[in-house]
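Here are my notes on the model you sent.

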Amino acid sequence: MRIIDISLPIEPSPPDYERKLSVHHQAFPPILQKVEIYPIWVPKWDQPLPNGRRVSKLHTPLHAGTHVEAPAHMLEQGKMIHEYPLDRFVSPATVINMTYKADHSTISASELDKEGVDENDSIIIRTDFTKRIGTKGVAGTTQKHWIDSPKLTKDAIDWMAEKKVRILTTDFLPWPLPGELFVHLMSKDILYIENVGNLDQITKKKVTLVALPLKIFDVEATLTRAIVIEH
Ligand SMILES: [Zn+2]
């Protein structure tokens, strides 16, 4: 068994992060990626317990770094993360290598249909797009992401619905703005994992995808530590 960590590291946002992003694309609120980690109890190691311990606080949007999204993200009556059983997040998955896809290309149902996806699989589509344009796997942070990224077609989403895909994950931004296609995906009850990396380290086509959400109630998304297991 081999484990590949496809999660992005969580690091505090640099001080000028917000300003840079807002210059690039107003439609993507930069606050979505702003993570703050700070100590709430600074240890005094030369003193006895309890002073000799470190306690930190994490202040983060639930859409920072690698996270899993449920229909409530895009639909008023959509299901929340906590409404899904855990087996939704531990699933057989098919890895689809589309690194040959150029900027502005599309990915259609007929192309996905050649990939041997079984019913109830999750799917992981690799293009290396975010890696290529150098944003460490974070989608949507520049205008180039929104415009140049390969896109899924509507029939690709319909095909996923027929296949009962449990989770879709991609290393590119698969829907054009303003996002009707994303609404369509969520209306088909397909979950989405955003911002993944290391897909080039996966060597097998059939793997297990594990991406457990935090046990938080009444939210549309949570951070996740997503891994791929090769058996
Ligand atoms: Zn998100």
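**Notes on the predicted model**

1. Domain layout. The centres of domain 1 and domain 2, taken over C-alpha atoms, are separated by 28 Å. Domain 1 covers 17–59, and domain 2 covers 64–230. Please keep this division in mind for the points below.

2. Confidence. This is a predicted model. Its pLDDT averages 90 over the protein, and 91% of the residues score at least 70. One stretch needs care: over residues 21–27 the pLDDT is below 50. Beyond near neighbours in sequence, that stretch still has 10 contacts in the model.

3. The E2–E3 pair. Strand E2 spans residues 36–41, and strand E3 spans residues 55–59. The two pair in the antiparallel sense, over 5 bridges. Within this pairing, Tyr38 has Lys57 of E3 as its bridge partner. How many of the 6 residues of E2 are buried? The number is 0, so strand E2 lies largely in the open.

4. The open sheet. Nine strands form an open sheet with mixed pairing, in the order E1-E13-E11-E5-E7-E9-E10-E4-E12. Which strands are at the edges? They are E1 (2–5) and E12 (221–223), and each pairs on one side only. From one strand to the next, the twist averages 25°.

5. Strand E4 takes in residues 67–69 and pairs with E12 in the antiparallel sense. There are 3 bridges between them. His67 has Leu223 in E12 as its bridge partner.

6. Helix H6. This helix runs over residues 180–187, and its buried residues are Phe182, Leu185 and Met186. Why do they line one face of the helix? Seen down the axis of H6, the buried residues fall within an arc of 95°, so they share one face.

7. What covers H6. Its buried residues are covered by elements including helix H5 (154–162), strand E9 (167–170) and strand E10 (191–194).

8. After H6. Which residue just after H6 takes a positive phi? That is Asp189, with a phi of about 65°.

How values were computed:
Residues numbered from 1 in each chain as written. Predicted model: local features only at pLDDT ≥ 70, side-chain atom pairs only at ≥ 80, totals over all residues. Pairing = 2+ DSSP bridges. Helix = DSSP H or I, 4+ residues; strand = E, 2+ residues; numbered from the N terminus. Axes fitted to C-alpha atoms, helices over the stretch in contact; angles between N-to-C directions. pLDDT = per-residue confidence, 0-100. Contact = placed C-beta atoms within 7 Å. Domains from an automatic or database assignment. Buried ≥ 20, exposed ≤ 12 C-beta atoms within 10 Å, placed from the backbone. Arc of directions from axis to C-beta.
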